[in-house]
Amino acid sequence: MNSLVAVIGTVFVDCKGFAKEAYHSSSRNLGTIQFVHGGVGRNVAENIARIGLPTMFVSTYDLSGVGKEVPARLQEIGVNLKYLQGVDNGGMGMWLAILDEHGDLAGSISQMPDLQHLARIIEESGEEIVRSCSHLVLELDLNEAISRQMLNLAKPHNKPVYGIPGNLDVIGQHPDLLQSLECFICNHYEAGKLLGSDLTQMQPDEMIPLLKKFVDSNGMRSMVITLGEQGCIYYDSAAGESGHQPAQPVQMVDSTGAGDAFFSGTVSGLVQGLPLSTAVQYGTKIAAWTIESAESTCLTLGEKIREDEFFRGLG
């Protein structure tokens, strides 16, 4: 079967404020404000499609002026939208984000979409979705019912599922879901909660034993923890492979979307059969180019991949 990555997740509209000078949370700050397409699932679907893999997006959006732009943009880059459904209200969320003068996130507030709409799509078409794809990407913090249903549908068909957290609510309460994943990718703040350790004060080589212990004790296949400027650490229990991948130097524009981009690149590498140690290099490249973009995704990914020596070396 040819590869087709089905992404199950959310659509958001992101309202971003960029501080012009030093940001102060208790006073007025001059800068610029823009609305951009967002949502973990939507970002990942766009990234994987721009990388060049056949992609299907399973989600909902609002039948509003802004909402109707979502399928139009994804359709332009060839995303399969058979299971993207427009609804009158509650089909997508909103994310209010403030970026400081360096482009780092200074604060945010999220409003989740009404997940009953997505649950209905999964209930009616989940089996068909799983049968039609080769790999699945699952935004794990939708709710327990959706996550568990998709994992249960994927198992008898031996379809690999790659998990990315939204806010860690579901995984924090139901860590057994991680056992069904081919690979789980999260940041060091999220991993710290799961591992019960403050990773922010540790060096990568100190974290790797904790990562390996967590993966092995929970019966997981593989896991990656992103570390911001320190890159990431990874462990594949089946291959017995672990290590640290440094970050790529970047010219910071906007850090939001970097985690989704890293996930997208790493998963794209794994889907293409690369070992995890090479796949995280793939993800590091995609994240770096996204950080240098003013949006939550890099609109020129395809062009950058074609011109990059690392990707040309992959054949």
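**View 1. Phe35 on the surface.** Phe35 counts as exposed because its relative accessibility is 57% (exposed is over 50%, buried under 20%, partly exposed in between, with a 1.4 Å probe and protein chains only). Phe35 sits in strand β3, residues 31-38 (strands are DSSP runs of E with at least two residues, helices runs of H or I with at least four, numbered from the N terminus). The model is predicted: local features need pLDDT of at least 70, side-chain atom pairs count only at pLDDT 80 or more, and totals for chains, interfaces and linings use all residues. Residues are numbered from 1 along each chain as its sequence is written, and side-chain values use heavy atoms, without hydrogens and water.

**View 2. The open sheet.** Nine strands line up as β5-β4-β1-β8-β9-β10-β11-β12-β13, with mixed pairing (two strands pair if DSSP finds at least two bridges between them). At the edges, β5 (84-87) and β13 (241-245) each pair on one side only. Strands of a sheet pair through backbone hydrogen bonds, either parallel or antiparallel.

**View 3. Strands β1 and β4.** Strand β1 (residues 5-8) pairs with β4 (residues 55-62) in the parallel sense, over 4 bridges. Ala6 stands opposite Met56 in β4.

**View 4. Asp308 in its loop.** Asp308 lies in the loop between α10 (301-307) and α11 (309-313). Asp308 is buried, because its relative accessible area is 12%. Not counting residues up to four places away in sequence, Asp308 touches Lys285 and Trp289 (contact means heavy atoms within 4.5 Å).
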